[in-house]
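Have a look at the chain below before reading on. We'll walk through it a piece at a time.

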Amino acid sequence: MTFSLDSIARQEGRVAIVTGANTGLGYETTKAFAQKGVTTVMACRTQARALDAMAKIQEEVPDAKLEFLQLDLADLANVRRFTEAFRASHSSLDLLVLNAGIMTPPYSKTVDGFESQMGANFFGHFLLTSRLIDLMPDSASSRVVALSSNAHRMGQKRIHFEDLHWEKRYAGMDAYAQTKLACLMFGNALARRLDAAGSSIVALSAHPGMSGTELSRNGPRLLQLFQAFLLATLGPFLAHPPPKAALPQIRAALDGDAKGGEYYGPTGFREFKGPPGLVGQLPYALDEAEQDRLWEVAREATGAVFPWESDAHATT
Ligand SMILES: NC(=O)c1ccc[n+]([C@@H]2O[C@H](COP(=O)([O-])OP(=O)(O)OC[C@H]3O[C@@H](n4cnc5c(N)ncnc54)[C@H](OP(=O)(O)O)[C@@H]3O)[C@@H](O)[C@H]2O)c1
């Protein structure tokens, strides 16, 4: 059966966090949650952009319950501050959508010394999840949604453990592809760990196919022009607008039938566009030994401790 937001019941009283909620797919996800009555915390790095987006959603959904809390995923201290602020004002969290991302910026490192895409897209979300997941009710309607991409099949097609931060040779798209593979492996690994811990919380992944958002804004000028040309010429065949492209992540968050470790994406030609449904992933992303290796690297890099790994995490 084709998924539609109309088939989802009202969700009054539930609380969500959407990272990168001020534009693109995060904006559409936030709007969909608002339409269903979910109280949504817009976790954005820039207050002015978040408040503009909030006002826009409130024009369309006058009873939207939206809050802004500043979050910069490229700074682990800021992620810790965010989780402390969230915990001070909320005792429970139902939906955590790890949406924010950057693509192909010029080479730089975060304040913590990570390649910038790896820092913001993956490590920041890893730490964020570890510090909030204990607030989630032990229920199959509690969801952690990791954002991947068709790009997870590009580049090296594996985690570049020997040079994780591209210090020897930086190729922006390969580095982006690695982060989207890492996010997918995180969704898979988290689902396994929750299952092993006897938790009903569902961790899963989604990707939007292709959509003309602001994602390419940090990329090389030539790549931006190429993407604008592609969207202008082949866009109607190969891309869909953000409200449709956000449906896989919305489905992963709200569809009562979704299960841990699943991966939702557009089901049309080469997963560029189309109705949201279950899609396949690179066999490497399903390799449990590689998932575990990445998990350990992320734990060490971020200092994250998940609840089943220690009871001390909430106070660190
Ligand atoms: N669009 C596509 O075709 C496509 C395809 C595959 C996967 N995706 C994935 O979909 C997700 C959403 O992307 P999008 O297309 O909606 O891109 P977008 O329009 O560029 O939105 C990205 C969002 O992430 C936020 N963000 C970036 N760095 C951040 C940081 N350090 N801390 C907190 N927030 C940060 C941005 O905030 P600012 O506005 O303040 O910069 C913005 O709100 C990403 O994970 C992307 O990899 C997109």
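Which helix gives the largest share of the shell around the ligand? That's helix H1, residues 24–35, which supplies three residues of the shell. The whole set of residues surrounding the ligand numbers 29, and the closest are Gly-20, Gly-24, Gly-101, Ser-149 and Thr-213. Sorted by class, the shell has twelve nonpolar residues, 13 polar ones and four charged ones.

Keep in mind that what you're looking at is a predicted model. The average pLDDT for the chain is 95, and 98% of the residues reach at least 70. One stretch to treat separately is residues 312–316, where pLDDT stays under 50. For that stretch the model has eight contacts beyond four places in sequence.

Now for some helix packing. Two packed helices are described by the angle between their axes and the distance between the axes. Start with helix H4 (residues 116–130) and helix H5 (residues 172–196): their axes come within 8 Å and cross at roughly 10°. Angles under 35 degrees count as roughly parallel, so H4 is roughly parallel to H5. On the H4 side, the contact is made by Gln-117, Met-118, Asn-121, Phe-122 and Phe-126. H5 answers with Ala-175, Tyr-176, Gln-178, Thr-179, Ala-182, Cys-183 and Phe-186. Taken by class, this contact of H4 with H5 has eight nonpolar residues, four polar ones and no charged ones.

H4 also packs with helix H9 (residues 288–302), this time at an angle of about 80° and with the axes 10 Å apart. Angles from 65 to 115 degrees count as roughly perpendicular, and H4 and H9 therefore are roughly perpendicular to each other. Here Phe-123, Phe-126 and Leu-127 of H4 meet Ala-298, Ala-301 and Thr-302 of H9. The contact of H4 with H9 divides into five nonpolar residues, one polar and no charged. Notice that Phe-126 turns up in both places: in the contact of H4 with H5, and in the contact of H4 with H9.

On to the loops. Most residues other than glycine have a negative phi, and most peptide bonds are trans. Thr-104 isn't a glycine, yet its phi is positive, about 50°. You'll find Thr-104 in the loop between strand S4 (95–98) and H4. Is Thr-104 buried or exposed? Thr-104 is buried, because 20 other C-beta atoms lie within 10 Å.

Trp-166 has a positive phi too, about 55°, and is not a glycine either. This residue sits in the loop between strand S5 (143–147) and H5. With 19 other C-beta atoms within 10 Å, Trp-166 is partly exposed. Lys-168 lies in the loop between S5 and H5 as well. Lys-168 has 8 other C-beta atoms within 10 Å, so it counts as exposed. If you go looking for Lys-56, 112 residues away along the chain, its C-alpha atom is separated from that of Lys-168 by 44 Å.

One last stop is Gln-58, found in helix H2 (residues 47–60). Gln-58 counts as partly exposed because it has 15 C-beta neighbours inside 10 Å. Leaving aside neighbours within four places in sequence, Gln-58 is in contact with Ala-64 and Leu-66. Between the C-alpha atoms of Gln-58 and Lys-259, which are 201 residues apart along the chain, the separation is 32 Å.

Technical notes. Residues numbered from 1 in each chain as written. Predicted model: local features only at pLDDT ≥ 70, side-chain atom pairs only at ≥ 80, totals over all residues. Axes fitted to C-alpha atoms, helices over the stretch in contact; angles between N-to-C directions. Helix = DSSP H or I, 4+ residues; strand = E, 2+ residues; numbered from the N terminus. Parallel < 35°, antiparallel > 145°, perpendicular 65-115°, else oblique. Contact = placed C-beta atoms within 7 Å. Nonpolar A, V, L, I, M, F, W, Y, C, P; charged D, E, K, R; others polar. Near = placed C-beta within 6 Å. pLDDT = per-residue confidence, 0-100. Buried ≥ 20, exposed ≤ 12 C-beta atoms within 10 Å, placed from the backbone.
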